[in-house]
Amino acid sequence: MNKLTSTPQFEENIRSSFGIPALRPEFVDDLHREIIQRAETKTHATRPARKLRPAWSITLAILTLLMAVVLIVGPQRVYAAVVRLLGYIPGVGIVDESNPIRVLAEPVSVTRDGITITVTSATLTGDKTYIDYRIFGVPGSAYPRSENITGCMQTEYLRLPDGTQFDRENYGFGAIPVDVDEAIFVIPCIMNTLSGEVPENWELPLRFVPAPADLTVIPVYEEATAAPPSDSTSDKDASATSAVPLDNAISVDKVIETEDGYILIGQFQPQDTSGHWVQTSGLLLTDASGKIVPYTYPNDVIESTPMGGWSVQFKNADLAYPLTISFSGIDLQSTGAETAVEFAFDAGPNPQPGDEWVLNRDFELASYTVTLKSIMANSQNSYSFHFQVDPQVYSVAVEIVGHTANGGGGGGGGGLTDGKVSTSLSYAQFPSGELTVRISNPVLIGDAYTWQGQWSPAKLRTDLPASPSAQSGVCLTIDSLAQLKPAPANPTSGMALMYEQLVDTNQWGLVLYKLDGSQKQVVISAGNWGTLSPDGSKVAYSALDNRIHIIDLASQTEKIIPGAGGFNLHWSPDGKQIAYVGTGDGVINSVFVVNTDGTQARQISDWSYELVAGWSPDSAQIYYVAPYTGGAAWKVYRYDLASSETQELFTIENGTPKALNPKLSPDGEWIAYRGRDNSSLYLVHPDGSDMHLVLDNVSAVGIEWSQSGWLGVSLQNINSDKSTIVLLKPDGCEAYQLPGLSGELEGLFIP
Amino acid sequence: MADNPTALSSKDIRQGPDELALIQAARQNPIIFGELYKRYVNRVYRYLYSRIGNVHEAEDLTAQTFLAAFESFDKFRQDEHFTSWLFSIARHKAMDHFRRRKSAPAIEEMHEIPVENDPLNAVTQSEQAQAMALIIQAIPEKDCELLRLRFLADMSFPEIARFLHRNESAVKKSFYRLLKKLHDQLEDPNE
């Protein structure tokens, strides 16, 4: 063996010697589901409460052996209030009320070397201490750029006067004794920063006082479980003797009466049969009239939601009880790894990303037909395998014999998605030459199931409005979105720049359309962060190598702006400059500006992780935002190009910690941005005044203004990479849908 | 692996399968973290199993690792260092596990713990792999860790160097010396 190389077989021996059992698909799916549910809680994206996933709809239509087993859970369930020990504080969560609740006496700030840490609030309960704090002013240079160095990983803690230290436990700290009314909040170092680059060992003295009398603490009722209903359809296991039926898959465990509705927290525990597992869809909530009840995920009860549990928040208005809580699922059954076929495949001596082999080869597995349509080599030393399978088949396992994959994805769908299945396998090195591909273990689609539970409040509340009242200034809600009409001829004469998957390819690119979806023109097949020039004649975009390109749409000529690289591009109103977010030496995502001929490129900010909001109408000033660490809030700044002065304007407190996506209107009057629920859209004047909600919980993502004052927004569709595009005039709420478009909105031109 | 119930939005994968773009997309849309999870779950599980030696506990720690990573992803800023960050969490989880148990299993125990009797989990080893397993049992823990990171966690040398806080060329030298040593011992068990 050469001292610098070893054979693949030798390395495979080493790998095999560890004897690692294969990862169970059921475990992978369960954990994936948990992560997605937490993610959806964070995004507050609307789950398919309005409709079943298209895949399930197709399943219900095509499967002839469908058997829906409706397990009615507890119609005689009682909703009993137990001794009140738990309370719910909006924004904090479910708290133990066994001790008097205390709060922070006053916010505490410490500033060192231009960095400010502020403890904004604290809530002390019988079992937990919650501390809310924010950090601003950490320069990009404080974060490591060297491959050999990692930043600070130490977590903050509380230190009591007697020296006792409380480390962080998930979302808070341990309960501070009732006779202790002060503590030091210690931050050993700011997360991910380099040692010595910014001040360390921060100590903020905190003082606690009894909570004010008007602190909102809402009772939390724990559901009492009734005896199983005599007509329930139970599992065939006759040995069950517990009070809870084996088929009692859905439970409501806690109920919170909010100011306009309820929060329900429960569990969903479907039974598994050995060798089978069930892939379930999200929660569907309907009322007694069959109406789908829109809901959101209450972020502040995550900690109280058990693993595998669910929690929803909904408004009471216009609901008929009982509510039905439904989960749907498909039984999947593995046939086993021994059900397999192998075939030879020549990948050639040096496969490269982009290589594709069209095979259209049929295989019979467990008497089902599996057609391998093609194999494609991708980046990350991966191959993707594209199948068309029998409608009864959900997935197949794929391996390249003698090569251990280090990762992979996809793989499911099959009969639920028009028979299409794709699986990818990635390797440390590209397997090459003559290979043996093994296809095995077809997972079969079994019966479809629906689990349903019902819930009613113990008594009807008289403190809630019967009908929802319209909120002033809100142009669109989930309900009104469904009634939107298509846009009339004008403004459909305009253009929209969309980012979408290109037809019959796996690539995403920028495509220009008329607003009615006609006159499609692929601008660039491998670029993103596109933006239309103010006169609609050019598109600037960020190429895959991060360089900024400009395409003239009429001549189709393209140029690269020398020396400029980044994303989040914004044309100046006079079309001569582009503001963008770039990364340079010691800089992580700060704002730059450059002339379109590449001259006078300069950095104008250094807070890190900023986003450009837009330009003043006279092209003299640039508006941008900089986040508090973690996105707790965003500061809005204005930079004057002539004087190079920066002015802090105001702070956005209710923006999403994720992609705020701020956009200044061309007339300079409004900044649109995404709300904290990651779904709503707000407007605010550049001086911070008149902040108000415009789109309520509609999964707003892309935001673009036209010169003529139209606001275009792309709304992410659930479980889809397509969007719904709406066009509105915020003043007066004139609003339309653009049904001919479905990508993500990157630019809008309406003369 | 089951179908991802939430397909990716167009804005979420800006540069196709490029991991850096995926990480940045996940920062904007937490649901995309599910894609990172799918890329790494096998590697993290293999690494943890090799340290823990028990499927159930390895699964449990794998879950803890990803949930912890997901919850702290807001604070993660070193986009190029995601692998070492994720495996740092995994290693901490493993260390916490051993601390709770007050003892660490001997390396040889990993190979004696029975696998569930399930064809999906069946592990077959060649004679050479079994011979290699015996050799690996006798090497120092730091060398074994190097093998885990390279062959089970599938880390690149820069990633391993970052993870171990060592110089990359030193890691490479150590690694290839180790391979040669294993190779020689396999050829001549009496060496």
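This is a predicted model: local features need pLDDT of at least 70, side-chain atom pairs count only at pLDDT 80 or more; totals for chains, interfaces and linings use all residues.

User: How much space lies in the largest cavity?
Analyst: The largest cavity holds about 520 Å³.

User: And which residues lie nearest its centre?
Analyst: Nearest the centre are A:Thr531, A:Leu532, A:His570, A:Glu704 and A:Trp705, out of 33 residues in the lining of the largest cavity. The elements of chain A that each give two or more residues to this lining are β30 (527–532), β34 (567–571), β38 (611–615), β42 (663–664), β46 (700–705) and β50 (744–749).

User: Which element gives the most to that lining?
Analyst: That's β50(A), which gives six residues to the lining of the largest cavity.

User: What's the lining like by class?
Analyst: For the largest cavity, the lining has 15 nonpolar residues, 13 polar and five charged.

User: OK, new topic. How many helices and strands does chain A have?
Analyst: Chain A has 50 strands and five helices.

User: And chain B, what does that have?
Analyst: Chain B has nine helices and zero strands. Along the sequence, the pattern of chain B reads α-α-α-α-α-α-α-α-α.

User: What share of each chain counts as buried?
Analyst: In chain A, 54% of the 751 residues count as buried. In chain B, the figure is 57% of 191 residues.

User: What about contacts between residues 24 or more positions apart?
Analyst: Taking contacts with a separation of 6 or more, residues 24 or more positions apart account for 57% of them in chain A and 62% in chain B.

User: And the accessible surface, how much is there?
Analyst: Chain A exposes about 31100 Å², with 49% of that supplied by carbon and sulfur atoms. For chain B, the accessible surface comes to about 7800 Å², and carbon and sulfur atoms have 49% of it.

User: Back to the strands of chain A. In what sense do β28 and β29 pair, parallel or antiparallel?
Analyst: Strands β28 (residues 508–514) and β29 (residues 521–524) of chain A pair in the antiparallel sense, over three bridges. One bridge partner to look for is A:Ile524 in β29(A), which partners A:Leu510.

User: What's between β28(A) and β29(A)?
Analyst: Six residues lie between β28(A) and β29(A), and the two strands form a hairpin. In the turn, A:Gly517 has a positive phi of about 90 degrees.

Definitions and conventions
Residues are numbered from 1 along each chain as its sequence is written. Chains are lettered from A and ligands numbered from 1 in the order in which they are written. Side-chain values use heavy atoms; hydrogens and water are left out. On a 1 Å grid over the protein atoms alone, a cavity is a set of points where a 1.4 Å probe fits but cannot get out, and a pocket is an open set with protein on both sides within 12 Å along at least five of seven lines; lining residues have an atom within 4 Å of a point. Grid points are joined across faces, edges and corners, and a volume is the space filled by probe spheres set on the points. Helices (H or I, at least four residues) and strands (E, at least two) are DSSP runs, numbered from the N terminus. Ala, Val, Leu, Ile, Met, Phe, Trp, Tyr, Cys and Pro count as nonpolar, Asp, Glu, Lys and Arg as charged, and the others, Gly among them, as polar. Buried means under 20% relative accessible area, exposed over 50%, partly exposed in between (1.4 Å probe, protein chains only). Contact means heavy atoms within 4.5 Å. Accessible areas come from the Shrake-Rupley method with a 1.4 Å probe; for residues, only the protein chains shown count as cover. Two strands pair if DSSP finds at least two bridges between them.
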